[in-house]
Amino acid sequence: MHVFYTPDISGSDYTLNEEESRHCMKVLRLATGQLVHLIDGKGGLYEAEIVAQTKRNVILKVLNHTQDYQKRNYSLHIAVAPTKNIDRLEWFLEKATEIGIDEITPLICERSERKIVKDERLNKVITAAVKQSLQAFHPQLNTAATFRELIEAQSALDGFKMIAHCLPGEEKQFIQQVAAVGGNYLILIGPEGDFSPQEIEMALEAGYMPLSLGETRLRTETAALAACFEASYINR
């Protein structure tokens, strides 16, 4: 059944916006009487029937509503440095949304090669992945933050704070060794050149645990996705 993103849905009648209506009528060629799924990004999954079509809009009648559809028992926030090739960051956003993630913050670090991201484009990637994977919860994409801004903003976080880096030194642990099932996780993933020693020290002083993602050196987007998968795995 085809899926449409309807963040402003309320009541039993709904009209798709022009973009979604165009996709419904011109691309999918759905007809009056056919059933579709709607997701509001806040946990609501709806089954609806197409009851009418105009030149610009599709009108729906809601038949069933499920709240907190497939709600997870944990919360995952990954702060990841934007990659120089933006396609690689978009790939991470798509796959992380499919697996399950709650919040993403583009993290601007000392060694970041990309310091500007376009929120609108990235949100479209997330929305498309939400629809494709039938996720009723839409991940929150935060405005890009510097490393220091994020550390200070998350100082009172009640949960597990971790930083994945490549420098030798203190013993690193895997997520499953330190994080409890059903917890709140914040994981920092650095740029292609890794976090600077000063950033790592700042995070450790703020209570972040040094995190291992395996023996091999991973690309930024691969490391972020590995962390996402591990958090998902221990909560199954």
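## Aromatic rings

Keep in mind that this is a predicted model. It holds four aromatic pairs. In one of them, the ring centres of Y74 and Y185 sit 6.0 Å apart with their planes at 45°, so the pair is tilted. This pair ties together distant parts of the chain: Y74 is in the loop between β5 (58-66) and β6, while Y185 belongs to strand β11 (residues 184-189), 111 residues apart. Both partners are tucked away: Y74 is buried at 8% relative accessible area, and Y185 is buried too, at 2%.

Y74 and Y185 form one aromatic cluster with F160, and R72 lies over the face of Y74, 5.8 Å from the ring centre.

Another pair, F229 with Y233, is stacked, with 6.2 Å from centre to centre and 25° between the planes. These two are four residues apart in helix α7, so about one helical turn separates them. F229 is partly exposed at 46% relative accessibility, and Y233 is exposed at 57%.

## Helix α2

Helix α2 (residues 86-99) has 14 residues, and at 1.5 Å a residue it should span 20 Å; its end C-alpha atoms are 20 Å apart, so the two agree. After the helix comes G100, with a positive phi near 130°.

Which residues of α2 are buried? They are R88, L89, E90, F92, L93, A96 and T97. Their cover includes β6 (75-80), β7 (103-108), α3 (119-133) and α7.

## A serine in a loop

Now find S212, in the loop between β12 (209-211) and α7 (220-234). Is it buried or exposed? S212 counts as buried, at 11% relative accessibility.

A polar atom of the S212 side chain lies 3.3 Å from the backbone nitrogen of G214. Leaving aside residues up to four places away in sequence, S212 touches K172, Q173 and F174.

## Cysteines

C166 is partly exposed, with a relative accessible area of 42%, whereas C24 is buried at 1%.

Terms used: Residues are numbered from 1 along each chain as its sequence is written. This is a predicted model: local features need pLDDT of at least 70, side-chain atom pairs count only at pLDDT 80 or more; totals for chains, interfaces and linings use all residues. Side-chain values use heavy atoms; hydrogens and water are left out. Buried means under 20% relative accessible area, exposed over 50%, partly exposed in between (1.4 Å probe, protein chains only). A polar contact is a pair of N or O atoms within 3.5 Å; within protein, one must be able to donate a hydrogen and the other to accept it, and residues adjacent in sequence count only if both atoms are side-chain atoms. Contact means heavy atoms within 4.5 Å. The expected span of a helix is 1.5 Å times one less than its number of residues. Rings of Phe, Tyr and Trp (its six-membered ring) pair if their centres lie within 6.5 Å; planes under 30 degrees apart count as stacked, over 60 as edge-to-face and the rest as tilted. A charge sits over a ring if NZ of Lys or CZ of Arg is within 6 Å of the ring centre and within 35 degrees of the ring normal.
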